[in-house]
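Thanks, everyone, for making time this morning.

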Amino acid sequence: MSDLLERLRGRGWRMTAQRRVVAEVLDGDHVHLTADEVHARAVERLPEISRATVYNTLGELVTLGEVLEVSTDRRAKRYDPNAHRPHHHLVCARCGAIRDVHPTGDPLADLPTTERFGFTISDVEVTYRGVCPTCTSA
């Protein structure tokens with residue numbers, strides 16, 4: 001059983017066949033699928049699942065805080081099940097591939113007090129951009 005499925009069961013989330021399939025599709029490290037990609041993979045497992053059900057389930061998972069909605073560029077939003085371990089993203093500027101990265105140090109410490117403009121900062125999102133090995137060799 002995936003970490004996401006375990007977390008959802010622990011919360012007492014009603015686990016329908018459709019919800020289970022969406023959670024299973026999102027299982028794994030470095031998963032950053034679009035809603036359409038989640039739907040396509042879910043249909044392979046449960047042919048009768050509708051696009052609306054996938055979108056609604058993703059929305060519920062984001063609202064619950066069990067999945068992050070990631071928007072790193074002008075492309076479609078992606079869904080990241082790694083919602084409970086702080087991390088940043090590494091994005092390929094050519095193909096859009098996304099990887100979770102866990103650099104050492106505190107990114108908030110890199111922001112001088114003079115650059116905070118009085119904000120009380122609650123979260124930091126860092127996106128590293130570059131070209132992945134696949135695109136570099138193509």
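This is a predicted model: local features need pLDDT of at least 70, side-chain atom pairs count only at pLDDT 80 or more; totals for chains, interfaces and linings use all residues.

The buried residues in question, within helix 1 at 3-10, are Leu4, Leu5, Arg7 and Leu8. Looking down the axis of helix 1, we find its buried residues within an arc of 160 degrees, so they line one face of the helix. After helix 1 comes Gly12, which has a positive phi, near 75 degrees.

Helix 3 can be read in the same manner. Its buried residues are Ala35, Val38, His39 and Ala42, and because these cover an arc of only 100 degrees around the axis, they sit on the same side of helix 3. Among the elements that cover them are helix 2, strand 1 at 33-34, helix 4 and strand 3 at 78-80.

In soluble globular proteins, nonpolar side chains tend to be buried together. Here, the largest nonpolar core has 22 residues, and those with the most contacts inside it are Leu8, Val22, Leu26, Val38, Val54, Leu58 and Leu61. Helices 1, 2, 3 and 4 each supply at least two residues of this core, with the largest share, four residues, coming from helix 2. If we take Leu58 and set aside its neighbours within four places in sequence, we find it in contact with Val22, Leu26, Ala35, Val38 and Tyr79.

Now for the spaces, beginning with the open ones. Which residues lie closest to the centre of the largest pocket? They are His87, His89, Asp123, Val124 and Glu125, out of 21 lining residues, and the pocket itself has a volume of about 520 Å³. Strand 2, at 68-70, and strand 4, at 88-92, each supply at least two residues of that lining, and strand 2 gives the most, with three. By class, the lining has eight nonpolar, nine polar and four charged residues.

The second largest pocket holds about 240 Å³ of space, and of its 16 lining residues, Asp3, Gly28, Asp29, Pro81 and Asn82 lie nearest its centre.

Finally, the structure holds one cavity of 30 Å³ or more. The largest cavity contains about 40 Å³ of space, and its lining divides into three nonpolar, two polar and three charged residues, including Val70, Asp73 and Ile98.

Technical notes. Residues are numbered from 1 along each chain as its sequence is written. Side-chain values use heavy atoms; hydrogens and water are left out. Buried means under 20% relative accessible area, exposed over 50%, partly exposed in between (1.4 Å probe, protein chains only). The arc is that of the directions from the helix axis to the C-beta atoms. On a 1 Å grid over the protein atoms alone, a cavity is a set of points where a 1.4 Å probe fits but cannot get out, and a pocket is an open set with protein on both sides within 12 Å along at least five of seven lines; lining residues have an atom within 4 Å of a point. Grid points are joined across faces, edges and corners, and a volume is the space filled by probe spheres set on the points. Ala, Val, Leu, Ile, Met, Phe, Trp, Tyr, Cys and Pro count as nonpolar, Asp, Glu, Lys and Arg as charged, and the others, Gly among them, as polar. A nonpolar core is a set of buried Ala, Val, Leu, Ile, Met, Phe, Trp, Tyr and Cys residues joined through side-chain atoms within 4.5 Å. Contact means heavy atoms within 4.5 Å.
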